[in-house]
Amino acid sequence: PVEFTVDSPDAQFGVDTTNFAFDDIWRISDSVAPEITTTGAGVARRFPAVHLRACISRKPNFIIRNVAVPTMAISLTSLFTFVPPPQGGADPG
């Protein structure tokens, strides 16, 4: 059997964010809250488990760059539909 222990109830678990692959999209908290528990299909088949809880939030620049800017660009191009053609050109009709 495997046994998980934490040396003290006030133990702090940290997250190394220097190698976090999606640091341009997500913001991850520096602390992790571990919970030592068991999991399994039934009472006779229980296994030790560690649930790690961290706070992750999406950075606002990602939404601005990938949602707001393209939406504004499409809206502006639709306004150019109503710009009158320059004078002096040949009449297409």
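This is a predicted model: local features need pLDDT of at least 70, side-chain atom pairs count only at pLDDT 80 or more; totals for chains, interfaces and linings use all residues.
Let me begin with the strands: E3, residues 31-40, and E4, residues 46-53, run antiparallel and are joined by eight bridges.

I turn now to the helix. H1 spans residues 60-79, and its 20 residues reach 27 Å from the first C-alpha to the last. That span is close to the 28 Å expected at 1.5 Å a residue. H1 does, however, contain a kink of about 30 degrees, located at Ala68, shortly before the proline Pro70.

Which residues form the nonpolar patch on the surface? They are Leu76, Leu79, Phe80 and Val83, and together they have about 440 Å² of accessible area. Of these, Leu76 lies in H1.

Finally, a word on confidence. The protein chain has a mean pLDDT of 77, and 74% of its residues reach 70 or more. Among the elements of the chain, H1 has the highest mean pLDDT, at 89. The lowest, 64, belongs to strand E1, residues 13-14. Thank you; I am glad to take questions.

Definitions and conventions:
Residues are numbered from 1 along each chain as its sequence is written. Side-chain values use heavy atoms; hydrogens and water are left out. Patches are made of residues with over 30% relative accessible area and no salt bridge: like charges are joined within 9 Å, nonpolar side chains (Val, Leu, Ile, Met, Phe, Trp, Tyr) within 5 Å. Accessible areas come from the Shrake-Rupley method with a 1.4 Å probe; for residues, only the protein chains shown count as cover. A salt bridge is a side-chain nitrogen of Lys or Arg within 4 Å of a carboxyl oxygen of Asp or Glu. Helices (H or I, at least four residues) and strands (E, at least two) are DSSP runs, numbered from the N terminus. pLDDT is the predictor's confidence in each residue, from 0 to 100. The expected span of a helix is 1.5 Å times one less than its number of residues. The bend at a residue is the angle between axes fitted to the seven residues ending there and the seven starting there. Two strands pair if DSSP finds at least two bridges between them.
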